[in-house]
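Look over the sequence and the fold before reading on.

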Amino acid sequence: MKLLSLEKYLLKNNLDDEEFKKLVSEISEKLELEVVSEDRKLTDEEIDYEYIDFLIAETLESLKDDVCTCEDDCGVEDCCGTRVEKNLKKVYEMALYMLREGISYDDLTQEGIVGLIKAHELFEDDKDFKLYKDYYIAKEMFNYINNYANYRKAAFKDYAKHEIHKDSHLKVSLKDRDKSEELKKLEKENKEKHIEEMKQLEKRAETLFDYLNLKYRLSEREIKVLVMYYGLDGHEKKAFSQISEITKIDDDNLDKLLKGAMFKLSTVDEKVEL
């Protein structure tokens, strides 16, 4: 099942834990990650390098692999990290694919970790855990993004309603009576125009903050480079020269691409195009 298909299904169906477990058991296939975002590069002016959060880079650098080379030899269970610790890379990788505008990457990964822990508690068998953990990670991230979208939608609609009705019960002051008819007419026209704009905003909020209309934060190339640079797909981290050779991107542009991607992971863009 593809990630976007899962998101669409969750939008239409409010599943409790038991229903969701039944769903993923029936699907019985790995969750397929996909990129559906536009490839828009940030300009140098848009990237403020002082706001790149190096704690995120340190976290990505320190993630454990889902491999233990010595457990069989030493006989110590979880000697290279717990099952949750060894699967944190998957959380941070999936967050790259699900990150939308207005969402904090750090917060999104924390929600994904909650899903990973739920899968760990539900599936004792390693085979089942590996197959279904991605669904639980995605579900918790979906819930977080969807709650954000609904909150922003409600906030914009409340603001629009307030602007539409704020002058409906005001009394006419002596100052208003002294205004010329021409000025009163102009103010009335401006008020009617503003009310119409607020009505349009109220309608647009319904679709503007619909889950599927939220813009993705990262492009396909940015995700690909981050995954290779930090080894988030379970493979070894690749050197800069290796990534450049694979992607056919020269060193200067690759450096800008990586820094731009890290800037996006470090900031939350709350701007909304109305």
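## Two helices side by side

Helix α5 passes α10 in a right-handed crossing. This is a predicted model. The axes of α5 and α10 come within 10 Å and cross at roughly 165°. Angles over 145 degrees count as roughly antiparallel, so α5 is roughly antiparallel to α10.

Which residues meet here? From α5 come Lys89, Glu93, Leu96 and Tyr97. From α10 come Ile223, Leu226, Val227 and Tyr230. Sorted by class, the contact of α5 with α10 has six nonpolar residues, two charged ones and no polar ones.

## The whole chain

Now step back. The chain has 12 helices and zero strands.

The chain has 274 residues, and 39% of them count as buried.

## A covered helix

Return to α5, which spans residues 88-98. How many of its 11 residues are buried? The count is 10, and the helix is mostly covered. The buried residues are Leu88, Lys89, Val91, Tyr92, Glu93, Met94, Ala95, Leu96, Tyr97 and Met98. Lys89, Glu93, Leu96 and Tyr97 are also residues with which α5 meets α10.

What do the buried residues of α5 pack against? Their partners are α1 (3-12), α3 (54-62), α6 (105-122), α7, α10 and α12 (251-266).

## Helix α12

Helix α12 has 16 residues. From its first C-alpha to its last it reaches 22 Å. That is close to the 22 Å expected at 1.5 Å a residue.

Several residues of α12 are buried: Leu254, Leu257, Leu258, Gly260, Ala261, Met262, Phe263, Lys264 and Leu265. The cover for them includes α3, α5, α6, α10 and α11.

## Helices α10 and α11

Helix α10 (residues 220-230) has another neighbour in α11 (residues 240-247). Their axes come within 10 Å and cross at roughly 145°. The crossing of α10 past α11 is right-handed.

On the α10 side, the contact uses Lys224, Val225, Met228 and Tyr229. On the α11 side, it uses Phe240, Ile243, Ile246 and Thr247. By class, six of these residues are nonpolar, one is polar and one is charged.

## Helices α2 and α7

Move to another pair. Helix α2 covers residues 17-27, and helix α7 covers residues 126-165. Their axes come within 10 Å and cross at roughly 140°. That angle makes α2 oblique to α7. The crossing of α2 past α7 is right-handed.

Helix α2 brings Asp17, Phe20, Lys21, Val24, Ser25 and Ile27 to the contact. Helix α7 brings Tyr132, Tyr135, Tyr136 and Lys139. The residues divide into six nonpolar, one polar and three charged.

Most residues other than glycine have a negative phi. Two residues deserve a look against that background. Ser28 is not a glycine, yet it has a positive phi of about 50°. Where does Ser28 lie? It sits in the loop between α2 and α3. Its relative accessibility is 42%, so Ser28 counts as partly exposed.

Lys248 is not a glycine either, and its phi is positive at about 65°. Lys248 lies in the loop between α11 and α12. Is Lys248 buried or exposed? Exposed means over 50% relative accessible area. Lys248 counts as exposed because its relative accessibility is 70%.

Finish with Ile195, in helix α9 (residues 181-208). Buried means under 20% relative accessible area. Ile195 has 18%, so it is buried.

How many residues separate Ile195 and His165 in sequence? The two are 30 residues apart. In space they are 8.5 Å apart, C-alpha to C-alpha.

Terms used:
Residues numbered from 1 in each chain as written. Predicted model: local features only at pLDDT ≥ 70, side-chain atom pairs only at ≥ 80, totals over all residues. Heavy atoms only, no water. Axes fitted to C-alpha atoms, helices over the stretch in contact; angles between N-to-C directions. Helix = DSSP H or I, 4+ residues; strand = E, 2+ residues; numbered from the N terminus. Parallel < 35°, antiparallel > 145°, perpendicular 65-115°, else oblique. Left-handed = near helix turned anticlockwise from the far one by under 90°. Contact = heavy atoms within 4.5 Å. Nonpolar A, V, L, I, M, F, W, Y, C, P; charged D, E, K, R; others polar. Buried < 20%, exposed > 50% of the residue type's maximum accessible area, 1.4 Å probe, protein only. Expected span 1.5 Å × (residues − 1).
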